[in-house]
Every structure is written in structure tokens, then in C-alpha cells.
Amino acid sequence: MPNRRFPEGFLWGGATAANQVEGGWNEGGKGISVSDCARHHLDVDVTDYRKHNEITTRDVEEALKSDDDSLYPKRHGSQFYHHYKEDIAMFAEMGFKVYRLSIAWSRIFPNGDDREPNEEGLKFYDNVFDECKKHGIEPLVTMSHYEPPINLTLNYDGWYSREVIGFFENYVRTICTRYRDKVRYWLTFNEVDSMIRHPYTTGGLIEDRFQGKLWEEVIFQAMHHQFVASALATKICHEIIPGSKVGCMLTKLTYYPYTCKPEDVLKSQQDMRALYCYSDTQVFGEYPSYLLARFRNKGINIRKEPQDDEIMKSYPVDFVSFSYYMSSCTAASTEGLDVTAGNTVIAIKNPYLPSSDWGWQIDPIGLRISMVDLYDRYRKPLFIVENGLGARDTVNEDGTIDDQYRIDYFDAHFRTMLDAIEYDGVECMGYTSWGCIDLVSESTKQMSKRYGFIYVDCDDHGNGTYRRIPKKSFHWYKKVIESNGEFL
Ligand code: BGP
């Protein structure tokens, strides 16, 4: 019997985000974004996610005065800004059908509230999309991936301000008009739920600026503005680019009950809902009743305009995209259990699963479970837009990089992905691995947490030649795409 294949036309590719890959933070008329002011903390335990993401107004003020890019790794990224032709050619060599990237808002509107866009920034993405086209690669564009201009944080308090919706609309109208003939697939906000975990990079929010306010209410207010903005962006995109497809993007953290004790099962259900509430809102166009109950019980009052509900209802997304890296266990009480910091949440260690060096539990079957859950819930096509293994790669003396562990990770995940499609009837448009070329990690702001099929010669301080080297996984992924999965 021949090996199984993925459906015809399956969109294989890779993903990056401007704030982590581009560099060129102050070139081409670009303004400063929140990510350009996010420092790394090399002394902090790599699994202590929260420590890495704490930020104060003072930190930002210091960052704005500092021209030491070695402290702010997202400023140099992987220098895609200067290497994009070479990088896209390497993606093409692997056979990419799709390349997920984000547009840096601050390259187009340096301060976010400018009247006119920055032509040089617009031209840069013209060049990038033309290069993709030359190689037959379809761009999948995230409109906002941790890139709000810092001016919006300092002068408007980020997405907490309703005015930011208008600035975002203007930005979306500008990019959709400019790239109407070049981009058909769009995502509005990357991991819209990440506002809870890192409100600064996602929403431009800094806690010390909201003294006396309920912090959770601030976060949900900002999120409300993003929901309205996402619906408006979907509307604008459909109007300007007929036939375009717009997706939401959620972090699919799969939770298992630690035991079959009903209290633990209940807790895992609650944790799952706490995660689904954002995509539920974007797909169904209204807040789910359980989220409204949470607001009521916690005394959270969201300020809305009368038209908001209708806007959210009228322009839901066309497809559901998500990131999947790991699964976690939850229990009613964590007492006496082995707790791992994990990606972004405190989770209980699953004794059946191995973990990465950063405590992310590797669980290929969890991907199949996630796909089934999401498809059953939303009945919309899925797109896996992030998945991969962060690891410390080493370059051998002969210049090769033998990342067999990454191949093993992908191999296992692709098999369960195919199971979900073939046996569980899940509709899946495509797959883009995260950080297909090495880039700066979001949680640790370190270059040494690498995801790529392509190695970039650069250390945590930005020292290096930025030379690109295909890893062993590069050649392996090429074969997967070439054979549409039959090679597995
Ligand atoms: C997701 C983000 C990405 C990316 C990825 C890996 O949450 O959308 O931007 O960074 O996680 O995370 P990290 O870089 O922390 O390893």
C-alpha cells in the first residue's frame, strides 16, 4: 500500500513575524515598536516566562535612550530586512507554497497615528511580495504580531484606548489597498489571547500606567477593542480584496485533566474555555455567555459603543488559524505536583511526555486532539500557522547542523496531522512551521532558542555574520513538501 499523502493543494510553508526576524528597526523610515524596546534578560531562568515579560514605563524610557542593540535583540532580528531575497529563495528551494509573515505597523505608520503612510515601508513589502511571487509562494500576512508603535503606548495607553481602533483601520485600509493584487490570505491579530500573557507586546499596555484600575479589566477592555478592530479589518479586507480570506489566530494550548477526579476534569474544562473565549468571540461574532459570566463575577465592566455588537456579529472570520507547541495538565489543586513554567502558563508536568529545554511538553497526539476540538467547535477550515521545536543548535566543525531532534519532532506531528485530516475528517488548509528561519524568541528574547530549518549565524547579543546555513531538517522538509507527505 502506498504511503498516505496530504490533500491536493495543501499549503506547506513556514512562518515568521517582522518584530522577530526583520531587524532594520530604525531603517527605511520605520518608527519604534513595542518590541524594539523589549530587553532580554540573560540572567533569568529560561523557563520563567513571566520574568522575561515584565516591563515598566521606566524600562521603555531607558530603551528609547539606548542605542545598544545587543540588549534589545528584536532590533537586529535575523536581518531579513537586508537578506529577504536570499531567504525567500531558500524557502523556495524547500518548496514552500506559502510564507506567513507580518507587516510591521511601525514601518507603515511610524507613530501609529500619522496621517500619511511611510512610502519606503510600503515599498519594502512590495519587494517582499514580488519576491514571493517570483518563486510561486503565496504570502499569508499577519496584520499585527507584537508590533504596535511605541507612540501608541506612551501617548494613548495602547489598545486600552478606543482611538487606536481608528488608527488600526487606517493602517489596514492602507495595506489592503496597496497589496490588493499581491496578498489573498490574511490574519488579523497574532494569538489574540496573548494579551493576557504579555499585555505589553500584544496590546501596548504597561501595568504601572493603570494605577487604581482593575488590571484584568484593562486587559479585557484592550481586547474588546481588538475584537472590534479585527471585525472591521475583516470587513475592509473583503471589500477591498474580493475573494480574500481572513482568519483569526489563537494559541492552542491543550489541557488534559491530571487525573479522572471530577474536580480535575472540571478544572481542565474551565481552562480550555478560558482559552477558547477569544476565538469563540471572533468566530461566532459575540462574547460567549461564560465569558460574560466571568466579567460579572469579577466585577469587570467593558466600555462598548452601541455599534460594537453589530460590527462583531457582521464580520466574523473565514477560517481559524492557530499555534500549537505543547499540551499541559491541569488539576484543581497543584499541591505536591511537579509544576512547569511552560510556555506562558503554569502547568502541571505530564509524566508521559518529554519536554524541551524550555519546559514545553512535546505532544504530537495533542495536535490531533487540538485539530479535532477546533474543527468540531467552529466548523471552519483550520490553518496551522505555528508549530515547531525551539532548541539550541550547534554548528559542527564541518559547518553542518545535525538537528535530527527537530526532524523527529516534525515527523511525529505531521503524522498525527494527517490522522486528523484522514481519519477524523478535519479540513485543514495548510501548515507553516514557526521560525522557518532562526529568529529572536518572543518569550526569552534570545536568539539561542532556535526553530529554523535555516540557521542564522548570530548570538544572543547580535554578534555574528548573519550567514544562512541550511540545517539537516532543511533537506528533510524539502522532501516532505515535494512528496506532499508521502515521504513520511
Ligand atoms: C508564539 C508567538 C511567536 C513565537 C512562538 C514561539 O506565541 O506567536 O511570536 O515566538 O510563540 O515562542 P518563543 O519565541 O517564546 O519560543
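## Around the ligand

Ala, Val, Leu, Ile, Met, Phe, Trp, Tyr, Cys and Pro count as nonpolar here, Asp, Glu, Lys and Arg as charged, and the others, Gly among them, as polar. Sorted that way, the shell around the ligand has two nonpolar, seven polar and four charged residues. Of the 13 residues around the ligand, the nearest are Glu191, Gly390, Ser441, Glu442 and Ser443.

Keep in mind that this is a predicted model, where local features need pLDDT of at least 70, side-chain atom pairs count only at pLDDT 80 or more, and totals for chains, interfaces and linings use all residues. Residues are numbered from 1 along each chain as its sequence is written.

## The barrel

Now for the strands. Strands (E, at least two residues) and helices (H or I, at least four) are DSSP runs, numbered from the N terminus. Two strands pair if DSSP finds at least two bridges between them. Eight strands make a closed barrel with parallel pairing, in the order β1-β2-β3-β4-β5-β7-β11-β12. From one strand to the next, the twist averages 25 degrees.

Let's walk through some of the pairs. Strand β3 (residues 138–144) runs parallel to β4 over four bridges, and leucine 140 has tyrosine 185 as its bridge partner in β4.

A residue is buried if 20 or more other C-beta atoms lie within 10 Å of its own, exposed if 12 or fewer, and partly exposed in between, with C-beta atoms placed from the backbone. Strand β1 (residues 11–15) is largely enclosed by the rest of the structure, because five of its five residues are buried. In a regular strand the side chains alternate between the two faces of the sheet. In β1, Leu11, Gly13 and Ala15 are buried on one side, and Trp12 and Gly14 are buried on the other. Strand β4 (residues 185–189) is mostly covered too, with five of its five residues buried.

## Two helices side by side

The axes of helix α8 (residues 163–178) and helix α10 (residues 215–240) come within 9 Å and cross at roughly 25 degrees. That makes α8 roughly parallel to α10, since angles under 35 degrees count as roughly parallel, over 145 as roughly antiparallel, 65 to 115 as roughly perpendicular and the rest as oblique. Axes are lines fitted to C-alpha atoms, for helices over the stretch in contact, and angles run from 0 to 180 degrees between N-to-C directions.

## A few loop residues

Proline 110 sits in the loop between α5 (105–108) and α6 (119–134). With 22 other C-beta atoms within 10 Å, proline 110 is buried. Proline 110 and glycine 31 are 79 residues apart in sequence, but 3.7 Å apart in space, C-alpha to C-alpha.

Tyrosine 466, in the loop between β13 (454–456) and β14 (468–470), has a positive phi of about 65 degrees although it is not a glycine.

Notes:
A residue is near a molecule or strand if its C-beta atom, placed from the backbone, lies within 6 Å of it.
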